[in-house]
Amino acid sequence: MSHIPPLDPNVAARKGFRESEERLKRFWTAVDVKEGEGGWAVTLDGRTPKTPAHAPLRLPTEAAARLAAGEWAAQGEFIDPATMPATRLASTAIDRVSQVREAVADEIAAFAGSDLLCYFADHPTSLVAEQAREWTPWRDWAALELGVVLEPAEGILHRPQDPAAIARVRELALRLDDFALTGLAMATPLLGSAILALALQRGALSGEAAFELSRLDEAFQERQWGVDEEAAQRTAGRRAEAVLLDRWFRALA
């Protein structure tokens, strides 16, 4: 997603998140959350940290604020932004997504135009059968629950989808608040599927289950040829993102 930074953060935090090359020391003792005007704020020794754009780190629910606060509480002597994905999501929602909602929804909808769930492998037949068995129910779910009807392609050639289906995905994205929209914008490219991302956002799929559905081809190849260490590490990182996004959506509910 061109309007959304990757989930792994590359910014450091000190009384808020700002870009820095230096390792920054933890500067607080107590972490808590506090309800106030506009939502629930994370507090560090009673003060609210700021986003990179210097807005207060304030989230819409207590559960979401506690998810981010837990990351601040877990920091050691030095701050490690890579261990603070919920804080990154919140900062992105506040600073960026709130300003470009239409463009973010366009990008999510574009994934529906070439959704993973519509493109089966052309061989072997066992993989094709597995994809049909596992993916078809979720296309059916999208048609029934979301009003999004996507048709499978024949072979690997692109099949244009009904513009009404693409427009419906965009509409569903824009119905979300900035925080849920940010999560959906992260989940869609991670899973390669707007449908799987919407199922995750709505709680119809867990993060783990959505991720496994997104990598049927990859898992099939692993069963045939084994797993290399680097690939396993990448997979573990992506799976952790999916699980975090599940926690994020549940905290916002």
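Me: How do you know which parts of the model to read in detail?
Reply: The model is predicted: local features need pLDDT of at least 70, side-chain atom pairs count only at pLDDT 80 or more, and totals for chains, interfaces and linings use all residues. Residues are numbered from 1 along each chain as its sequence is written, and side-chain values use heavy atoms, with hydrogens and water left out. On pLDDT, the predictor's confidence in each residue from 0 to 100, the protein chain averages 91, and 91% of the residues score at least 70. Over residues 8-21 the pLDDT is below 50. That stretch has 34 contacts in the model beyond near neighbours in sequence, a contact being heavy atoms within 4.5 Å. Where pLDDT is low, the predicted coordinates should not be read in detail.

Me: What makes β3 and β4 a pair of strands?
Reply: Strands are DSSP runs of E of at least two residues, helices are runs of H or I of at least four, and both are numbered from the N terminus. Two strands pair if DSSP finds at least two bridges between them. β3 (residues 31-36) and β4 (residues 39-44) are joined by 6 bridges, so they pair, and they run antiparallel.

Me: Why are β3 and β5 called edge strands?
Reply: The open sheet has 3 strands in the order β3-β4-β5, with antiparallel pairing. β3 and β5 (58-59) each pair on one side only. β4 and β5 have 2 bridges, so the pair meets the limit of at least two. Alanine 41 stands opposite arginine 58 in β5. In the loop between β4 and β5 lies aspartate 45, whose phi is near 50°, a positive value in a residue other than glycine.

Me: Why is α6 called roughly antiparallel to α10?
Reply: Angles run from 0 to 180 degrees between N-to-C directions, with axes as lines fitted to C-alpha atoms, for helices over the stretch in contact. Under 35 degrees counts as roughly parallel, over 145 as roughly antiparallel, 65 to 115 as roughly perpendicular and the rest as oblique. α6 and helix α10 (residues 229-252) pack at about 155°, with their axes 10 Å apart. That angle is over 145, so α6 is roughly antiparallel to α10. Among the residues that meet are Leu184 and Leu190 in α6 and Leu245 and Trp248 in α10. The contact divides into 11 nonpolar, 1 polar and 2 charged residues. Here Ala, Val, Leu, Ile, Met, Phe, Trp, Tyr, Cys and Pro count as nonpolar, Asp, Glu, Lys and Arg as charged, and the others, Gly among them, as polar.

Me: Which peptide bond is cis?
Reply: The cis bond joins histidine 123 and proline 124, with omega about -10°. Proline 124 is in the loop between α3 and α4 (125-146).
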